Amino acid sequence: MVKMSRPNFLFMIADDHRHSALSALGTEAVSTPTCDQLIADGTCFTQAHIMGST
């Protein structure tokens with residue numbers, strides 16, 4: 001019997017964080033090397049919207 005390994009998922013959610021505050025998404029004014037590497041190695045949702053605390 002072949003045992004299948006389960007995939008690993010990591011969700012990172014930042015509170016009150018603008019999309020333009022990541023250098024991997026085109027902003028050169030900030031340096032975010034760790035987040036940039038995570039985006040390069042994985043997936044980044046660029047059209048996720050939260051209404052906030054309304």
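F11 sits in the segment that precedes α1. The model is a predicted one. F11 counts as exposed because its relative accessible area is 65%, and the cut-off for that class is over 50%. Together with F9 and F45, F11 makes a nonpolar surface patch of about 470 Å².

**The chain as a whole**

The protein has 1 helix and 0 strands. How much of the protein is buried? Of its 54 residues, 7% are buried. The exposed surface comes to about 5,600 Å², and carbon and sulfur atoms supply 57% of that area.

L22 and T32 are 10 residues apart along the chain, and their C-alpha atoms are separated by 6.0 Å.

Is L22 buried or exposed? L22 counts as buried because its relative accessibility is 11%, and the limit for a buried residue is under 20%. T32, with a relative accessible area of 16%, is therefore buried as well.

Which residues does T32 touch, leaving aside those up to four places away in sequence? The contacts of T32 are A21, L22, S23 and A24.

**The cysteines**

How many disulfides are there? The count is 0 disulfides. C35 takes part in none, and the nearest cysteine sulfur to that of C35 belongs to C44, 9.2 Å away.

C35 is classed as partly exposed because its relative accessibility is 30%. C44, at 29% relative accessibility, is therefore partly exposed too.

**Accessibility of the residues discussed**

The table gathers the values by residue.

| Residue | Relative accessibility | Class |
|---|---|---|
| F11 | 65% | exposed |
| C35 | 30% | partly exposed |
| C44 | 29% | partly exposed |
| T32 | 16% | buried |
| L22 | 11% | buried |

How values were computed. Residues are numbered from 1 along each chain as its sequence is written. This is a predicted model: local features need pLDDT of at least 70, side-chain atom pairs count only at pLDDT 80 or more; totals for chains, interfaces and linings use all residues. Side-chain values use heavy atoms; hydrogens and water are left out. Helices (H or I, at least four residues) and strands (E, at least two) are DSSP runs, numbered from the N terminus. Buried means under 20% relative accessible area, exposed over 50%, partly exposed in between (1.4 Å probe, protein chains only). Accessible areas come from the Shrake-Rupley method with a 1.4 Å probe; for residues, only the protein chains shown count as cover. Patches are made of residues with over 30% relative accessible area and no salt bridge: like charges are joined within 9 Å, nonpolar side chains (Val, Leu, Ile, Met, Phe, Trp, Tyr) within 5 Å. A salt bridge is a side-chain nitrogen of Lys or Arg within 4 Å of a carboxyl oxygen of Asp or Glu. A disulfide is a pair of cysteine sulfur atoms within 2.5 Å. Contact means heavy atoms within 4.5 Å.
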